[in-house]
There are 2 protein chains.
Amino acid sequence: MIAGVLVFPGVEELDFAGPWDLLNLWRRIGGGPERCLIVGEFAAPVECANGLSVNPHVSFADCPRLDLLLVPGGQGTRREVDNPVLIEFIRSQAANCRSILSICTGSFLLHRAGLLAGKRATTHWNSLGRLAALRDVTVVQERFVHDGRIWTSAGISAGMDLTLAFIADCAGEETAGKVQFGAEYYPSGIRYGALDTRPEAPAYLKRLSAGS
Amino acid sequence: MIAGVLVFPGVEELDFAGPWDLLNLWRRIGGGPERCLIVGEFAAPVECANGLSVNPHVSFADCPRLDLLLVPGGQGTRREVDNPVLIEFIRSQAANCRSILSICTGSFLLHRAGLLAGKRATTHWNSLGRLAALRDVTVVQERFVHDGRIWTSAGISAGMDLTLAFIADCAGEETAGKVQFGAEYYPSGIRYGALDTRPEAPAYLKRLSAGS
């Protein structure tokens, strides 16, 4: 299995770096992807949303056929939805992929590539209304959603929860547990400032807060 | 405030990318660092532990005086503890820093720079014994530890919990809440495969598991 992680100008760093680390821990354990690649439109440095500069392993032109495509989000998605080369890359690779994962506002790129039609999907809480306005997708306010081979997550850090659930689905709970243990992904669960109870908080978070 | 995030060959991606995102969200909200810099020994691409290639903003030679220094971990720390240039960079910058944060096995770099003598500190669960063997540091099995201006965290993903606690300490719970809400850092809390109850699991995790 070859996993490709898309980057573009203005991609949010944690959107891809969290899943990247977990997918590679899975690779190192064995049974996961044999190769994980950072894929950019060009083989040139990409400046992320917060200024981190990363070097893609392959350009779109040189990218092998992927089995797994991960599409992160970030401010840059607002421009990239209108980049026909990037959208066509997602569309053509997705045609062959076993699974397509998006994080945060990466779901807008999947939508533009025609991958969310008739699907249940989610995005960052601040973009839920904007996604719902696209109409041909059923927006759910969950931490992550799995509809067929399409997985979408809530904002930024939710990509890690999505990736672990994806690994559990592919390789079983024991393997997902090894990845989780390796990454020591057992968050404290502290919620600061009670912002999680705001009206604009997504439904899954309100449930979490109500239950705690 | 200028924040510097150290990178070196074999640095674990999520160790720095999680805190990087949260520090920059704080910067964007206001009241946090005015500048966040990725700092490498040389102004050349750095290959991380899982193969991500990043470009430092500044080399050690060109790095301004930092107010906050974040030292991530990863396999590369086993070599970098013997890199006198890197250790001297940490030591000399730390002399002026308000706060020094380490993630995962970054604590071994702080130790070598003389910053953990007589302090309480932690690291990735798999390196707790190795850190304790250094003797002049008191190893605690917490998700993160704060001792004076030195903050250290458990493995990989724990850097995000540390960074939010650090922001709350500096700027208050409301600001930390805004950063947490922005990053949508409300993890699902799912624990896969019951690995969290293994004998080698750190004490904080056994407590978490016993309580759930």
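Chain B can be laid on chain A by a turn of 180° and a shift of 0.0 Å along the axis, with an RMSD of 0.0 Å (least-squares superposition on the C-alpha atoms of residues with pLDDT of at least 70 in both copies). That is the relation of a two-fold axis. The model is predicted: local features need pLDDT of at least 70, side-chain atom pairs count only at pLDDT 80 or more, and totals for chains, interfaces and linings use all residues. Residues are numbered from 1 along each chain as its sequence is written, while chains are lettered from A and ligands numbered from 1 in the order in which they are written.

**Axis and interface**

- B:Val54 comes closest to the rotation axis of the residues of chain B, at 2.2 Å (C-alpha).
- The same surface serves both copies, since 100% of the contact residues of chain B recur in chain A.
- Chain B and chain A contribute 50 residues each to the contact (C-beta atoms, placed from the backbone, within 7 Å).
- On the side of chain B that touches chain A, at least two residues come from each of α1 (13-29), β2 (35-40), β4 (53-55), α6 (158-171), α7 (173-182) and α8 (203-211) of chain B (DSSP runs numbered from the N terminus: helices H or I of at least four residues, strands E of at least two).
- Strand β4 (residues 53-55) of chain A runs antiparallel to β4(B), joined to it by three bridges; A:Asn55 has B:Ser53 as its bridge partner.

**Helix packing in chain A**

- Helix α1 (residues 13-29) and helix α6 (residues 158-171) of chain A pack with their axes 8 Å apart, at an angle of about 25° (axes are lines fitted to C-alpha atoms, for helices over the stretch in contact, and angles run from 0 to 180 degrees between N-to-C directions).
- That angle makes α1(A) roughly parallel to α6(A) (under 35 degrees).
- Among the residues that meet are A:Leu22 and A:Trp26 in α1(A), and A:Leu164 and A:Ile167 in α6(A).

**Sheet of chain B**

- Seven strands of chain B form an open sheet of mixed pairing, in the order β5-β2-β1-β6-β7-β11-β10 (strands pair if DSSP finds at least two bridges between them).
- β5 (58-59) and β10 (144-147) of chain B stand at the edges with a single partner strand each, so one side of each is left without a neighbour in the sheet.
- Four bridges pair β6 (residues 68-71) with β7 (residues 99-102) of chain B in the parallel sense, and B:Leu70 has B:Leu101 as its bridge partner.
- α1(B) packs on the sheet, touching β1 (2-6), β2 and β6 of chain B, and its direction makes about 155° with that of β2(B).
- α6(B) lies across β7, β10 and β11 (150-153) of chain B, at about 150° to β11(B).

Conventions:
Two residues are in contact if their C-beta atoms, placed from the backbone, lie within 7 Å. Angles under 35 degrees count as roughly parallel, over 145 as roughly antiparallel, 65 to 115 as roughly perpendicular and the rest as oblique.
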